[in-house]
Amino acid sequence: MKWFDSALRAFAIGGCAVFLMGADAPAPTTASSPAPTAQPQALLFAYFKGNGQDGLHLASSDDGLHWTALKGDKPFLAPQVGKEKLMRDPSISRGPDGVYHAVWTCSWNDHGIGYSDSKDLIHWSDEKFIPLMEKDPGTRNCWAPELFYDKANGQYLIIWSSTVPGKFADTDGQDANPTKGDPGYNHRIYYVTTKDFKDFSPTRLLYNPGFNCIDAAIFQEGSQFVLVFKDESNAPFPVQKNLKLAFAEKAEGPYSKATDAITGNYWAEGPTPIKIGNQWYVLFDKYRNSAYGAVTSTDLRTWTDASDKISYPKGMRHGTIFSAAKADVDALKKVE
């Protein structure tokens with residue numbers, strides 16, 4: 001682990017979402033949002049249930065670990081775009097203008113993702129399909145988009161995972177079913193930048209760790225950046241299905257070699273990180289156990305299971321923690 005010790009010395013990593021208790025505590029800050037304003041802030045969790053066909057669910061928390069479903073755990077937004085009209089893996093960020101931007105996986109196999117925006121998380125704009133991989137027509141999918149606001153450049157990164165058959169041939173063939181003509185998935189992490197969700201940069205490769213990877217999220221402390229993601233390696237390669245980290249000096253990378261797994265002997269995906277006091281927590285979907293889990297660390301090097309410290313709505317599937325205006329959360333709590 002010498003290279004990782006060096007990485008930690010080089011990169012002084014900080015909070016994805018800083019939530020400190022007490023009257024003088026600063027407002028929470030999340031990975032996908034700009035710097036907090038003087039307006040009181042609160043924490044929300046955007047997630048889906050089942051296969052993602054009913055829509056966007058929201059939960060609130062006072063401490064970042066114990067989550068309560070809003071609206072009786074009924075959806076706030078129903079999916080309207082994509083081949084299967086799904087709303088999986090939602091990621092929401094409140095922009096500098098106070099508008100909430102939402103992206104999500106809208107189909108199992110398509111060239112883009114879903115998008116909508118809202119001023120209050122109750123009333124939403126018409127949904128649209130963002131064709132992220134239209135210039136790579138062989139692309140199989142666009143999964144788990146995540147928003148990160150790059151304050152230095154005043155723009156958002158949308159990051160996601162796609163399989164482009166033949167592009168990374170050394171690790172092709174995972175989950176393949178030749179009898180059905182299915183070549184399997186072999187993801188890498190891609191990104192675009194945007195300032196207004198109307199005009200987008202060309203699609204670029206964000207991270208290729210040398211193996212199949214999905215479900216990435218970026219978080220920042222000062223000028224330093226961390227990528228937390230799922231190693232999706234499957235047969236015929238050694239099966240992983242765990243979470244790992246990588247480090248960079250810029251949001252757009254380049255990112256370092258992946259660390260060892262930070263999760264245990266179970267299948268984990270959909271990580272969302274949060275810092276509470278001086279402790280890191282990464283919450284994630286233990287999808288084979290139909291449960292949510294967490295690991296914690298004070299140095300991003302030694303991780304301990306903290307699944308017994310969290311509570312969450314029954315049936316919650318992975319999504320993203322984000323900061324919202326407290327007034328908006330108070331209004332959400334009144335919606336039936």
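**Strands, cores and backbone exceptions in a predicted model**

Gln 155 lies in strand E9, which spans residues 155-163; helices (H or I, at least four residues) and strands (E, at least two) are DSSP runs, numbered from the N terminus. The structure is a predicted model, in which local features need pLDDT of at least 70 and side-chain atom pairs count only at pLDDT 80 or more, while totals for chains, interfaces and linings use all residues. Residues are numbered from 1 along each chain as its sequence is written, and side-chain values use heavy atoms, with hydrogens and water left out.

Gln 155 has a relative accessibility of 12% and therefore counts as buried, where buried means under 20% relative accessible area, exposed over 50% and partly exposed in between (1.4 Å probe, protein chains only). Neighbours within four places in sequence aside, Gln 155 is in contact with Phe 148, Tyr 149, Asp 150, Thr 193, Thr 194, Lys 195 and Glu 252; contact means heavy atoms within 4.5 Å.

Strand E9 belongs to an open sheet of four strands, ordered E8-E9-E10-E11 with antiparallel pairing. Two strands pair if DSSP finds at least two bridges between them. Strand E8 (143-150) and strand E11 (204-207) stand at the edges with a single partner strand each, so one side of each has no neighbour in the sheet. From one strand to the next the twist averages 35°; axes are lines fitted to C-alpha atoms, for helices over the stretch in contact, and angles run from 0 to 180 degrees between N-to-C directions. Three bridges connect strand E10 (residues 187-194) with E11 in the antiparallel sense, and Tyr 190 has Leu 205 in E11 as its bridge partner.

Ala 144, found in strand E8, has a phi of about 50° and is buried, with a relative accessible area of 7%. Phe 197, placed in the loop between E10 and E11, has a phi of about 60° and is likewise buried, at 1% relative accessible area.

At the level of the whole chain, the protein has two helices and 19 strands. Buried residues account for 58% of its 336 residues. Of the contacts between residues at least 6 apart in sequence, 55% join residues at least 24 apart. The accessible surface comes to about 13900 Å², and carbon and sulfur atoms contribute 50% of this area; accessible areas come from the Shrake-Rupley method with a 1.4 Å probe, and for residues only the protein chains shown count as cover.

The largest nonpolar core contains 22 residues, and Leu 44, Leu 56, Leu 58, Ile 92, Leu 121 and Phe 322 have the most contacts inside it. A nonpolar core is a set of buried Ala, Val, Leu, Ile, Met, Phe, Trp, Tyr and Cys residues joined through side-chain atoms within 4.5 Å. At least two residues of this core come from each of strand E1 (41-49), strand E5 (100-105), strand E19 (316-325) and helix H2 (326-332). Another core, of 19 residues, lies apart from it and includes Leu 157, Ile 159, Phe 225 and Ala 248.

Six of the six residues of E5 are buried, so this strand is largely enclosed by the rest of the structure. Tyr 100, Ala 102 and Trp 104 point one way from E5, whereas His 101, Val 103 and Thr 105 point the other way. In a regular strand the side chains alternate between the two faces of the sheet. Strand E4 (residues 88-94) runs antiparallel to E5 and is joined to it by five bridges, with Ser 91 facing Val 103 as bridge partner. These two strands form a hairpin with five residues between them, and Gly 98 in the turn has a positive phi of about 85°. E5 also pairs antiparallel with strand E6 (residues 113-118) over five bridges; there Ala 102 stands opposite Ser 116.

Two cis peptide bonds can be described. One joins Ala 235 and Pro 236, with omega about 15°; Pro 236 is in the loop between strand E13 (224-231) and strand E14 (242-248). Another joins Gly 253 and Pro 254, with omega about 10°, and Pro 254 is in the loop between E14 and strand E15 (269-276).

A search of the whole structure finds zero disulfides, a disulfide being a pair of cysteine sulfur atoms within 2.5 Å. For Cys 106, the nearest cysteine sulfur is that of Cys 142, 8.2 Å away. Cys 106 counts as buried at 0% relative accessibility, and Cys 213 is buried with a relative accessible area of 0%.
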